[in-house]
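Please look at the sequence and the structure below before reading on. The report that follows takes up a few places in turn.

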Amino acid sequence: MIAAAARTGRAVLEPALWFAGLLVIWEGVVRLGEVPSFLLPAPSDFLARIAEDHARLAYHGAQTTKMIVYGFIAGAVPGLVLGYMIARWRLCEQLLYPLVVFIQGLPKITLAPLMLVWFGFSDFPKILLTALITFFPILVDAVAGFRSVDRRHYYLTRSTGASWWQTFRFIELPTAAPAIFSGFKITIVVAVTVVIVVEWLNSNNGLGYLVLRAMDSSDTTLIFAVLVVGSTIGVVLSYAVALAERWFLPWRRR
Amino acid sequence: MNALQPLRTATGSTRGASITAHNLTKVYGSGPSAFHALGPIDLDIAPGEFVSLIGPSGCGKSTTMLLVSGLEPVSDGSVAVDGRPLTAPISEVGIVFQDHLLLEFRTAMNNVMLQQQIRGLGRAEMRARADALFERLGLTGAEDRYPWQLSGGMRQRVSIARALVHDPTMLLMDEPFGALDAISRTQIRHDLEMLWMETKKTVLFITHSIEEAVGLSDRVLVMSTSPGRIVEEIRIDLPRPRPAHLGEYPEFSTYARRIFDIFEKLGVYRFK
């Protein structure tokens, strides 16, 4: 127990120290080299800016987080459902796969301006684009996960008289879960980028919008402050997914 | 030896079922690419009998098992269990494959109790049966371990417990010890025999091993390939329980020799 806590402590402490060291060097270079802050602000500058501007950053950060979560769910749910159908029924595979591959081939981010025309400055384009982009990797991992069920398990469930729901709940879903979570872990980070980019292109709120405003006034310090907030959101969300994995998949705690 | 809990609990343990099959045939696919996997074969297995199917790879042993349990439809012929013709998968059956096929996300006991959950049987009663089976199979203490924490032999024991916990009328085993080391195999063979002597389930045991077939069965059906057919039936008249070291019986080598000779005649073995 103590050993485990010590190990976790080290796992957190070591990267934190590395990171802190890097910031100190950064600070030193900027101060000694007298680099102007519109080119590269010192860490102390933008950290102070976060404290100073915390209300604005919190508001836009919350907007962005909300869009990430909505968009991720809007992509994950159809990804999982279609993934199951494609893995399970050949007909679905034949009907749906070409469509899915077409969506994947589309450079979806180019749809953002088009959506500005269609939907204006609403939340809908952000959610839709994030969903379109997160959908595919989640679907691919779900297909792989559901396909990894040994067909002889179906012999066992059929001879047990298991219903569709029982087979899904007791065998298929838990078998596919590790692959599904690995899809989630990759996609949640992608979703952060997508939302910020779309906000940057067409929005009147969110971190991406804040970056745009900062650029207008050459406020580099604010851009770095947004960067810190944005990556914090990314780290927190991927940690949340990892926590959910540990909660739902306790047998993987090896 | 400490007193064992009886395996027969309030369920009033079910005895083995009879299995009969006539002209049993299986052809996979159709047209020119059709593959004639099995038959026609006839089977007549008495309730509580231990019958082995032995033969080279691809002789349709596993197919026979899937047809007899109703998991694969027959191409021709019919199967009846206890006189009832089979049209759908039967549920009074326990199946053990060569791989343990345990769910990695369930503990040993929960893998066994999945039967209870799916079948909606009484929990306490099933748990008592599972405990008794764990005791018989030397699994006591392993209840809360995950499959990856168990040895290959123990995993296969858990899958035997899973196949028996719901008190089926027949046990279908497809090369259940094929993936085990020689030492585990001898032990688990003995344990299975003891369990069978106590419960008298009808067992259809598929194997490549002459030693297993002779060591366990009342009757050995020797099969040939393409298409799979039963070429010889050998009744094994040896007292039970049979010793771990079968060489103690001079009859054992006679039986083994007979099966060996059939294989040689069929061209399964080609010695120079």
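## How elements are named

The model discussed here is a predicted one.

## Backbone features in loops of chain B

B:Glu175 has a positive phi, near 45°, although the residue is not a glycine, and with a relative accessibility of 14% B:Glu175 counts as buried. B:Asp82, in the loop between strand S4 (76–81) and strand S5 (84–85) of chain B, also has a positive phi, near 55°, but B:Asp82 counts as partly exposed, at 41% relative accessibility.

A cis peptide bond, with omega about -10°, joins B:Arg240 and B:Pro241, and B:Pro241 lies in the loop between strand S10 (229–235) and helix H7 (250–266) of chain B.

## Helix H2 of chain B and its surroundings

Helix H2 of chain B, residues 108–119, is mostly covered, since nine of its 12 residues are buried, among them B:Ala108, B:Met113 and B:Ile118. The buried residues of H2(B) pack against helices H7 (151–160) and H8 of chain A, as well as helices H3 (123–136) and H4 (152–164) of chain B. After H2(B) comes B:Gly120, with a positive phi near 65°.

## A residue of chain A beside this helix

A:Gln166 belongs to helix H8 (residues 164–201) of chain A and is buried, with a relative accessible area of 16%. A polar atom of the A:Gln166 side chain lies 3.1 Å from the backbone oxygen of B:Ile118. Apart from neighbours within four places in sequence, the residues in contact with A:Gln166 are A:Gly161, A:Ile171, B:Gln117 and B:Ile118.

Terms used. Residues numbered from 1 in each chain as written. Chains lettered and ligands numbered in written order. Predicted model: local features only at pLDDT ≥ 70, side-chain atom pairs only at ≥ 80, totals over all residues. Heavy atoms only, no water. Helix = DSSP H or I, 4+ residues; strand = E, 2+ residues; numbered from the N terminus. Buried < 20%, exposed > 50% of the residue type's maximum accessible area, 1.4 Å probe, protein only. Polar contact = N/O pair within 3.5 Å; in protein donor to acceptor, adjacent residues only side chain to side chain. Contact = heavy atoms within 4.5 Å.
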